[in-house]
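Me: I'd like to learn how to read a protein model one feature at a time. Could you guide me through this one?

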Amino acid sequence: MNRREDQLEALLTPAIEALECELWGLEFLSQGHRSRLRIYIDRPEGVSVDDCERVSREVSDLLDVEDVMPSAYTLEVSSPGMDRILFKAAHYQANLGAVVDVRLNFPLDGRKHIVGVLAGLEDGEVVVRPLENDASDGESADEEYVLPLENIHRARLVPQFD
């Protein structure tokens, strides 16, 4: 996350938790004259449209009072969904064994896109094992990618259906 996202997370987390939701993550996207703040919320029993509406109203009011946003912005509040983005080290730890789609900031072994099983997290590095069908491009099925968290642009869960 960048500095603005860190500040917004610190400001918004208590208000969202007071509404019995968890701030899963947020993205601040500056788009010319209009910015976008995308907030993902979660609850153990799942997120409803009513939850998104309550959080949206509370966050909007808080942002207006604190005056921390540019004059024109769009606020989006939603569930992280089945293909949720992993924002924090705790998200990676909680999803060990899941299939992930990882996009890197800088290539690793010539690759900026890796899909595989989330095998571990240690000392700020994520371990991903390629899927067996990915080993066809010359990789050993036993190979692992060790990805520093700071090099991960975005990692998402890949829903698996039997």
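Me: Which residues are exposed on the other side of α2?

Reply: Some ground rules before that. This is a predicted model, where local features need pLDDT of at least 70 and side-chain atom pairs count only at pLDDT 80 or more, while totals for chains, interfaces and linings use all residues. Residues are numbered from 1 along each chain as its sequence is written, and side-chain values use heavy atoms, with hydrogens and water left out. Now to your residues: Val-49, Asp-50, Asp-64 and Val-65 are exposed there. Exposed means over 50% relative accessible area, buried under 20%, and partly exposed in between (1.4 Å probe, protein chains only).

Me: Which residues of α2 are buried, then?

Reply: The general idea is that an α-helix has 3.6 residues a turn, so residues three or four places apart point the same way. In α2, the buried ones are Asp-51, Cys-52, Val-55, Val-59, Leu-62 and Leu-63. Viewed down the helix axis, they fall within an arc of 105 degrees, so they line one face of α2. That arc is taken from the directions from the helix axis to the C-beta atoms.

Me: What do the buried residues of α2 pack against?

Reply: They pack against α1 (3–18), β2 (34–42) and β3 (73–78). Contact here means heavy atoms within 4.5 Å.

Me: How many residues does α2 have, and what should they span?

Reply: The expected span is 1.5 Å times one less than the number of residues. Helix α2 (residues 49–66) has 18 residues and should span 26 Å; its end C-alpha atoms are 25 Å apart, which agrees.

Me: How many salt bridges does the whole structure hold?

Reply: Side chains of opposite charge can pair when their charged atoms come close. The cut-off is a side-chain nitrogen of Lys or Arg within 4 Å of a carboxyl oxygen of Asp or Glu. A search of the whole structure finds 13 salt bridges. In one of them, Glu-76 meets Arg-36 at 2.9 Å, N to O. Glu-76 lies in strand β3 and Arg-36 in strand β2, so the pair ties together parts 40 residues apart in sequence. Both residues also belong to a network of salt bridges that links Glu-27, Arg-36, Arg-38, Glu-76 and Arg-154.

Me: Is Glu-76 buried, exposed or partly exposed, and what about Arg-36?

Reply: Glu-76 is partly exposed, at 26% relative accessible area, and Arg-36 is partly exposed too, at 24%. Now take another salt bridge, between Asp-51 and Arg-43, with the closest N and O atoms 3.4 Å apart. Here Asp-51 is buried, at 7%, and Arg-43 is buried, at 16%.

Me: How many disulfides does the structure hold?

Reply: A disulfide is a pair of cysteine sulfur atoms within 2.5 Å. The structure holds 0 of them. Cys-21 is in no disulfide; the nearest cysteine sulfur, that of Cys-52, is 7.9 Å away. Cys-21 is buried, with a relative accessible area of 6%, and Cys-52 counts as buried at 15%.

Terms used
Helix = DSSP H or I, 4+ residues; strand = E, 2+ residues; numbered from the N terminus.
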